[in-house]
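Please read these points alongside the sequence and the structure. They are meant for someone seeing this model for the first time.

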Amino acid sequence: MNIQWYPGHMTKAKRAMQEDIKLIDLVIELVDARIPFSSRNPDIDELGKNKARLILLNKSDLASEKYNAVWENYFQKKGCYVVKVNSKSGAGVKNVHTVIQEACKEKIERDRRRGILNRPVRAMVVGIPNVGKSTFINTFAGKACTKTGNKPGVTKGKQWIRLNKNVELLDTPGILWPKFEDPTVGLRLALIGSIRDEILNITEMACELIGILTEHYSGVIKERYEGVDETKKAAEILYDIAKSRACLLKGGEYDFDKAAALFMEEFRSGKLGRITLEFPKEEDSVQKKGESD
Ligand code: G4P
């Protein structure tokens, strides 16, 4: 399945981000913990070089705990600071403050040596659409923060959110573009609901998801939908799901589209459990012995 979806304004977004990045010390990059590979664009490595880097595994509440730890380890090995967060509930968000200070300690030390004291770290949030940037900024900044702008040394018109005496955050996040040239990326974004369903074949998507679940999360489908035999082919499993939920067309035939939509909705809202859909390559992932969900 090849998904073509590319917002036309990405070149403009990239240029804007190049300008904004000049003003900051730290890039806070959000990725979706369920698809940390497909929900990021490695262009940020180039754009954000020479900046401190913090990766937030957002929506970690929907991803497998075991794989959250694996991905955390993976990004740390690449030299990034990592925090697992749930921007919606706020879980983990407090830790971000501590890690920002840690990630920027060289800059803080450099400033100190030059006699510059108490200059706040400036940060910006970046990520692809729908990854949770606005939700994170709202939760992280809360209500207590004051907005500042047009200060000397700050580009005119830029709004900064003063989080505390140590940190200022650019109030508009940088939008990264997904790597749609890789069809797997488009598909995975579709599975988590980041691309509108109307442009996709829901039945095909459900079958792809069934494939991933039967391979990596054996028993999960069987447990939720009575009468499913997970050893069958994906389309047959979808038929079993339609049967178990009585998804019927007018003539009494089973309604695959309805079953697929129901299945996708239950997955996306976490009813099938906490599920990560992609995994670092074998050699990248260092799992601690005995680690399990
Ligand atoms: P964006 O700025 O990067 O485009 O993303 P935005 O904050 O708009 O978030 C996109 C969706 O993801 C929102 O759901 C938001 O509530 C949800 N979300 C963000 N962070 C988390 C998280 O850590 N965990 C979970 N479970 N969800 C998160 P929505 O469907 O657009 O709205 P709503 O259903 O929350 O009202």
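1. Helices here are DSSP runs of H or I with at least four residues, numbered from the N terminus.

2. This is a predicted model, in which local features need pLDDT of at least 70 and side-chain atom pairs count only at pLDDT 80 or more, while totals for chains, interfaces and linings use all residues. Residues are numbered from 1 along each chain as its sequence is written, and side-chain values use heavy atoms, with hydrogens and water left out.

3. After α10 comes Ala246, which has a positive phi, near 50°. Asp255 sits in the loop that joins α10 (234–244) to α11 (256–268).

4. Asp255 is buried but forms no salt bridge (a side-chain nitrogen of Lys or Arg within 4 Å of a carboxyl oxygen of Asp or Glu). Lys258, the nearest side chain of opposite charge, lies 5.8 Å away.

5. What does the side chain of Asp255 reach? Leaving aside residues up to four places away in sequence, Asp255 touches (heavy atoms within 4.5 Å) Ala242, Cys247, Leu248 and Leu249.

6. Elsewhere, α4 (residues 93–103) packs against α6 (residues 133–141) at about 80°, with axes 9 Å apart. The two helices are therefore roughly perpendicular (65 to 115 degrees). Val93, Val96, His97 and Ile100 of α4 meet Phe136, Thr139 and Phe140 of α6.

Methods:
Buried means under 20% relative accessible area, exposed over 50%, partly exposed in between (1.4 Å probe, protein chains only). Lys and Arg count as positive and Asp and Glu as negative; His and the chain ends are not counted. Axes are lines fitted to C-alpha atoms, for helices over the stretch in contact, and angles run from 0 to 180 degrees between N-to-C directions. Angles under 35 degrees count as roughly parallel, over 145 as roughly antiparallel, 65 to 115 as roughly perpendicular and the rest as oblique.
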